[in-house]
Amino acid sequence: LSFVAVVLWIVADYSAPATGSPWLSWANALTRLATYVVVAELVAEVRSLLARERDEAMHDALTGLLNRRAFFELGDIESMRSLRYGHPLAIVFIDLDNFKQLNDTRGHKAGDAALRLVAHTLHTKLRLSDAVARLGGDEFAIVLPEIEYAAAIDTGHKIAATLRQALVGPPPVTASVGVAWFQRACASFDPMLAAADGLMYEAKQAGKNGFVARRLAPTVAEEKSA
């Protein structure tokens, strides 16, 4: 619309009764057009910069996954959606076993490579509606909206098995996985994530490189996180 307005302005200026040299009308028209082009390019550049900054603020620099802040914001949205429409929800919590040992023995480059490998592997096993994040260090989490318990169990098993195969390359790293499933979400996302974290620790305490899943009621999750 702005471009059309400039063109109409130029036409009107050129077709108006001459008050001076003909070249002056053309010079004014070209100046206005050049000004529009410059302003349009600046606006596009600012929009691109803001979009890039917004994207960087939401994603982990190393893995490209959602960061902790963005994941909690999305988790709150999915919790409210689950409560409003009565859809079930599952949270997956993943912690890498022996990650510090990998960093100590093979260096941080090997550790970073393992984290990127985990991020890529998780992406390949999730639905478009699922959201995965790196919460920090060697901890990852996933929101599985609108999923039944059997499907959540199956997804958890697939994630654990796929990570087990993928992490053969950077030994001695393995993964402990916890899946908390809710027929009805909690009023807040925090206790549900804490419940999945607790299940992950059960897997870790049972010998690591394992998988634990459980149906949980909102009250149980909220009591455990209190």
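Which strand pairs with β1 over nine bridges, and in which sense? Hi everyone, that is where I'd like to start, and please keep in mind that this is a predicted model.

The partner is β4, residues 174-182, and the pairing is antiparallel.

Now β1 itself, residues 89-97. How many of its residues are buried? Nine of nine, so to speak a mostly covered strand. In a regular strand, side chains alternate between the two faces of the sheet. In β1, L89, I91, F93, D95 and D97 point one way, while A90, V92, I94 and L96 point the other, and all of these are buried.

Let's turn to the helices. α3 (residues 68-85) and α7 (residues 189-205) have axes that come within 9 Å and cross at roughly 110°, which makes α3 roughly perpendicular to α7. On the α3 side, the contact uses F71, F72, G75, D76 and S79; α7 brings F189, D190, M192 and L193. By class, that contact has five nonpolar, two polar and two charged residues.

My last pair is α4 (residues 99-106) with α5 (residues 108-124), packed at about 140° with axes 6 Å apart. These two helices are therefore oblique to each other. F99, L102, N103 and R106 of α4 meet H108, A110, G111, A114 and L115 of α5. This contact counts five nonpolar residues, three polar and one charged.

Terms used. Residues numbered from 1 in each chain as written. Predicted model: local features only at pLDDT ≥ 70, side-chain atom pairs only at ≥ 80, totals over all residues. Heavy atoms only, no water. Axes fitted to C-alpha atoms, helices over the stretch in contact; angles between N-to-C directions. Helix = DSSP H or I, 4+ residues; strand = E, 2+ residues; numbered from the N terminus. Parallel < 35°, antiparallel > 145°, perpendicular 65-115°, else oblique. Contact = heavy atoms within 4.5 Å. Nonpolar A, V, L, I, M, F, W, Y, C, P; charged D, E, K, R; others polar. Buried < 20%, exposed > 50% of the residue type's maximum accessible area, 1.4 Å probe, protein only. Pairing = 2+ DSSP bridges.
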